[in-house]
Amino acid sequence: MKKKRENVNMIKTFEGVVPFVKRLTTQSQSIDNWIFKLHYRLTFAILMVSTILVCSRQYIGEHIHCIADGGVPANVMDTYCFFTTTFTLVKDMNAQLVDKGSIPHPGVGSYGINSTDQIKHHAYYQWVPFVLFGQAIMFYLTHILWKKLEGGRIKYLVDGLELAAFSLEDKNFRISSKNIPTKQEKEQKIQIIRRAFIDRLYISGSWSLNLVFCEILNFFNVIFQIYITNEFLSGQFLHLGSDVWNEGLESSVDPLDEVFPKVTKCTFHKYGPSGSIQWHDAMCIMALNVINDKIYTFLWFWFVILFILTASGLVWRLLTVLLHAKSAAFNKMVFAYTCPGKINPWDVLTVSRYCSYTDWLFLKYLAKNLDGLVFREIIIGLAEELDAENNSEQAKKSLLSDTSIENEEFKID
């Protein structure tokens, strides 16, 4: 019965995360890339689950439990040592002393009232859930900002065309929550997209600039979160993962014991019967650190991976800026996954020649949200219209040039 109740509590613990996960995974239109999603989906979920684990007593029992000599009630000592700082002795953080049995635990040795031994205070454990929750929010804020800046433009244009490749001549119907338009409705919608795309050429550079700005913001946010975590752990986070990787966890004093000690010391002072101050030395079991060390070791590796991937994404973004209007092979590679074998890269290059980078990037995201056959119709129509407009402009310039020459000849005559 008790086990069943614990399982129910475990399920309830994660219920708070479910609405976020559902909302993040049910977005119908794609307005960003998978690296962007790693920030506001996966990293946000990792930090939220970590926060819940740290706050949940059923996984680790009491957060702290202290053993002291007589005279101080156990619950008073536990509360006092949790809200104040516990500490370890730097000289006793020694594997040889532990192996010889000279001290009971790493960093836990004799410490008198007049001792001058260097001690290391551990106060971070009180703030771990607040810091993790704040970091989760910061990873999600960039997504909120981008949705606000994007303004639903992709959704407005592609809404109703997700299944347009299956449209019939004179009948529309629904599959699940998606609408399949008639061929006439599809053509009207495609024409709206073409017109909207042509009308905004060289006019608005805000869409891609805002996306690139948010991607850069993600990059600096990762660096900022690494800095915050390192400061929070008193400068011990930057080398945490590399130390664990290089030194392992086999030693009596491993790298995690130095940052997240499982047993610490705590000193409680109170007045005795005669009014003198009595010194009570306690040894505290830090059950919370059993969870903390796993969380922060994983976060070290995850932040490093996220930093590398985000930096690689920015390098890729720079390549797209440089090559989008020059290389047919590059356009073929970029659009190949969208409609493989259905689109001529020269059509894309024709459109790209008349596009600013923001228009090219907007076109790419249209491709991500449309069926390949529908996008093929759009890109072919755009290529034809842009070529026609360009030829018309050239004809006008040629006519004006000929007229000017004739006028000059008339003046000379």
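View 1. Cys266 is buried, with a relative accessible area of 1%, where buried means under 20%, exposed over 50% and partly exposed in between (1.4 Å probe, protein chains only). This is a predicted model, where local features need pLDDT of at least 70, side-chain atom pairs count only at pLDDT 80 or more, and totals for chains, interfaces and linings use all residues. Residues are numbered from 1 along each chain as its sequence is written, and side-chain values use heavy atoms, with hydrogens and water left out. Cys266 forms a disulfide with Cys81, the sulfur atoms sitting 2.1 Å apart; a disulfide here is a pair of cysteine sulfur atoms within 2.5 Å. The link is left-handed, at -100° about the S-S bond. Cys81 lies in helix 5 (residues 74-83) and Cys266 in strand 6, so the pair ties together parts 185 residues apart in sequence. Helices (H or I, at least four residues) and strands (E, at least two) are DSSP runs, numbered from the N terminus. Cys81 counts as buried too, at 0% relative accessibility.

**View 2. The disulfide of Cys66 and Cys284.** The count comes to two disulfides, and here the sulfur atoms of Cys66 and Cys284 are 2.1 Å apart. The S-S torsion is about 105°, so this one is right-handed. Cys66 belongs to strand 1 (residues 65-68) and Cys284 to strand 7 (residues 277-285), which puts them 218 residues apart. Cys66 is buried at 5% relative accessible area, and Cys284 is buried at 0%. Number the bonded cysteines of the protein chain in sequence order and the pairing reads 1-4, 2-3.

**View 3. Two aromatic pairs.** The structure holds 22 aromatic pairs; rings of Phe, Tyr and Trp (its six-membered ring) pair if their centres lie within 6.5 Å, with planes under 30 degrees apart called stacked, over 60 edge-to-face and the rest tilted. Phe44 and Tyr140 make a tilted pair, 5.1 Å centre to centre with 40° between the planes. Phe44 sits in helix 3 (residues 34-55) and Tyr140 in helix 7 (residues 128-150), so the pair ties together parts 96 residues apart in sequence. Both Phe44 and Tyr140 are buried. Tyr124 and Phe260 go edge-to-face instead, at 5.7 Å and 85°. That pair joins the loop between strand 3 (119-122) and helix 7 to the loop between helix 12 (255-259) and strand 6 (263-271), 136 residues apart. Tyr124 and Phe260 are both buried as well.

**View 4. Tyr296 in the core.** The largest nonpolar core has 80 residues, and Tyr296 and Val351 have the most contacts inside it. Such a core is a set of buried Ala, Val, Leu, Ile, Met, Phe, Trp, Tyr and Cys residues joined through side-chain atoms within 4.5 Å. Helix 13 (residues 288-323) gives the largest share, nine residues. Leaving aside neighbours within four places in sequence, Tyr296 is in contact (heavy atoms within 4.5 Å) with residues including Val128, Leu132, Phe232, Phe237 and Phe260. Ring pairs also put Tyr296 in a cluster whose members include Phe82, Tyr125, Phe139 and Phe303.

**View 5. Helix 10 and what follows.** Helix 10 (residues 206-232) has 27 residues and reaches 37 Å from its first C-alpha to its last, close to the expected 39 Å, the expected span being 1.5 Å times one less than the number of residues. Just after helix 10, Ser234 takes a positive phi of about 60°.
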